[in-house]
Amino acid sequence: MRILISACLLGSACRYDGMSKGSPWAEALAGEHQLVPVCPEQLGGLPTPRVPSEKTGGRVMTKDGADVTEQYLRGAQETLRLCRILGCEAAILKERSPSCGSGEIYDGTFTGTLTGGWGVTADLLRSAGIPVWGESRIPDLLTGQPETEHTQEDHKRRGLQMRRTDREITDLAQIRDILSEARIVHLGMVDGEKPYVVPMHYGYSLEGEKLVLYVHSALEGRKLDVIARNPNVFAEIDTGEILIPGGDDPCSYSAAYRSVMGEGKAVLLESASEKAQALQILMRTQTGRDFAVTEEMVGAVCVIKVELDWFTAKSRPMQKKAKRHAGAEALLELSNQELFSILAGDRGVIAQAGLHEILKEYRAEHQKIDADLQTMVREILSKEE
Ligand code: SF4
């Protein structure tokens with residue numbers, strides 16, 4: 001494979017301090033792949049040595065306060081151009097650099113503090129569809145497939161093994177339905193050695209098998225501190241939880257639900273346009289409406305993008321239980337049609353997973369449903385009033 005690689009990883013003295021950062025794996029890598037070395041900062045016209053720079057607020061600033069964003073962008077565009085002309089299929093880039101960093105970069109304070117984010121060149125390459133790997137993935141590349149080439153199925157195998165595969169949902173339309181219906185994501189983070197979970201309203205985009213969540217928060221707080229130290233997160237979303245009554249037998253009680261969960265990385269969005277777009281997605285997911293997002297709104301919040309490496313979806317419907325109890329009293333005094341017109345007019349009621357399906361089945365098969373279910377439907381309707 002032809003791979004673009006940060007020149008400093010091959011021993012070129014192109015770093016800001018006039019030094020190199022050669023990888024011990026470089027020789028083995030060169031033995032197996034065709035490597036194309038580039039230094040985006042030099043390609044952008046910056047001298048070597050140069051004043052160190054870090055990304056902050058969508059710009060790249062030197063330690064002494066000069067704005068070098070333009071040179072960084074030029075270097076990124078030149079790198080992408082070379083990548084395409086030379087037919088490079090992937091890029092291995094120096095981690096944490098403001099040009100080459102992937103997933104984690106220095107936070108702009110020049111204090112050695114890391115934050116979630118991408119270097120300017122790494123970001124441009126990946127948005128052009130070129131897989132970008134940090135140098136810590138070189139051993140994976142030498143022994144097999146690097147992380148970013150794993151499919152959703154591979155990630156699931158390496159992550160959560162689903163015990164009840166009979167409840168797994170793989171149909172993306174159904175998964176989209178769950179994500180549109182639910183309102184809250186429980187975002188699990190790693191605070192040092194302790195777990196930290198926060199429920200948050202979310203927006204989502206699901207393109208093919210790529211699921212991205214967007215959440216927002218105040219401009220400072222514990223979750224931002226935790227993500228800055230460790231961007232690894234676990235996301236759990238569920239909807240339609242309904243108790244399935246079991247009479248006098250506690251072991252017969254159960255619950256209907258639908259859920260999506262997965263693992264990935266959280267990144268704080270920096271550019272105003274990305275933040276505005278994410279907030280629009282969030283509002284559309286939450287309300288089903290489009291809103292204009294002003295500069296002032298964007299400046300008042302932090303927006304966190306959660307890219308899931310893998311996810312699974314599950315459903316526990318109620319049909320079986322309903323069938324078991326078929327033959328009891330009439331569902332409600334309401335006719336099917338009356339009940340359906342109430343349910344159809346209220347998204348919140350339909351969001352009670354399983355209920356809609358049961359009623360459909362009831363109508364289709366002309367079955368009677370028992371008193372437990374009748375009570376449950378009444379409770380749901382009274383809660384919604
Ligand atoms: Fe290395 Fe990339 Fe920095 Fe050049 S821009 S010195 S290749 S990390």
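This is a predicted model: local features need pLDDT of at least 70, side-chain atom pairs count only at pLDDT 80 or more; totals for chains, interfaces and linings use all residues.
Residues are numbered from 1 along each chain as its sequence is written.

**View 1. The whole chain at a glance.**
The chain holds 15 helices and 16 strands. Helices (H or I, at least four residues) and strands (E, at least two) are DSSP runs, numbered from the N terminus. Of the 385 residues, 34% count as buried. Here a residue is buried if 20 or more other C-beta atoms lie within 10 Å of its own, exposed if 12 or fewer, and partly exposed in between, with C-beta atoms placed from the backbone. Take the contacts between residues at least 6 apart in sequence: 69% of them join residues at least 24 apart. Two residues are in contact if their C-beta atoms, placed from the backbone, lie within 7 Å.

**View 2. Helix 3 meets helix 4.**
Two packed helices are described by the angle between their axes and the distance between the axes. The axes of helix 3 (residues 69–85) and helix 4 (residues 120–127) come within 8 Å and cross at roughly 40 degrees. Axes are lines fitted to C-alpha atoms, for helices over the stretch in contact, and angles run from 0 to 180 degrees between N-to-C directions. Helix 3 and helix 4 are therefore oblique to each other; angles under 35 degrees count as roughly parallel, over 145 as roughly antiparallel, 65 to 115 as roughly perpendicular and the rest as oblique. On the helix 3 side, the contact is made by Tyr 72, Leu 73, Gly 75, Ala 76, Gln 77, Thr 79, Leu 80 and Cys 83, and on the helix 4 side by Val 120, Thr 121, Leu 124 and Leu 125. Sort these contact residues and you get eight nonpolar, four polar and no charged. For that sorting, Ala, Val, Leu, Ile, Met, Phe, Trp, Tyr, Cys and Pro count as nonpolar, Asp, Glu, Lys and Arg as charged, and the others, Gly among them, as polar.

**View 3. Helix 4 and its surroundings.**
The buried residues of helix 4 are Val 120, Thr 121, Ala 122, Leu 124 and Leu 125. They pack against helix 2 (40–43), strand 4 (59–62), helix 3, strand 5 (90–93) and strand 8 (132–134). Just after helix 4, look for Gly 129, which takes a positive phi of about 90 degrees.

**View 4. Around the ligand.**
Which residues surround the ligand? They are Ser 6, Ala 7, Cys 8, Cys 14, Arg 15, Cys 39, Pro 40, Glu 41, Lys 94, Ser 97, Ser 99 and Cys 100. To be picked, a residue needs its C-beta atom, placed from the backbone, within 6 Å of the molecule. This shell divides into six nonpolar, three polar and three charged residues.

Gly 108 and Ser 53 are 55 residues apart in sequence, yet 7.9 Å apart in space, C-alpha to C-alpha. Leaving aside neighbours within four places in sequence, Gly 108 is in contact with Glu 54, Lys 55, Thr 56 and Met 61. Phe 110 is found in this loop too, and its phi is near 55 degrees, a positive value in a residue other than glycine. Phe 110 is partly exposed, with 15 other C-beta atoms within 10 Å.

**View 5. Ala 90 in strand 5.**
Ala 90 lies in strand 5 and is buried, with 20 other C-beta atoms within 10 Å. Setting aside neighbours within four places in sequence, Ala 90 is in contact with Met 1, Ile 3, Ile 130, Pro 131 and Trp 133. Ala 90 and Trp 133 are 43 residues apart in sequence and 7.9 Å apart in space, C-alpha to C-alpha.

**View 6. Two loops with backbone details.**
In the loop between helix 2 and strand 3 (53–56) you'll find Pro 49. The peptide bond from Thr 48 to Pro 49 is cis, with omega near -5 degrees. Arg 96 lies in the loop between strand 5 and strand 6 and has a positive phi of about 75 degrees, although it is not a glycine.
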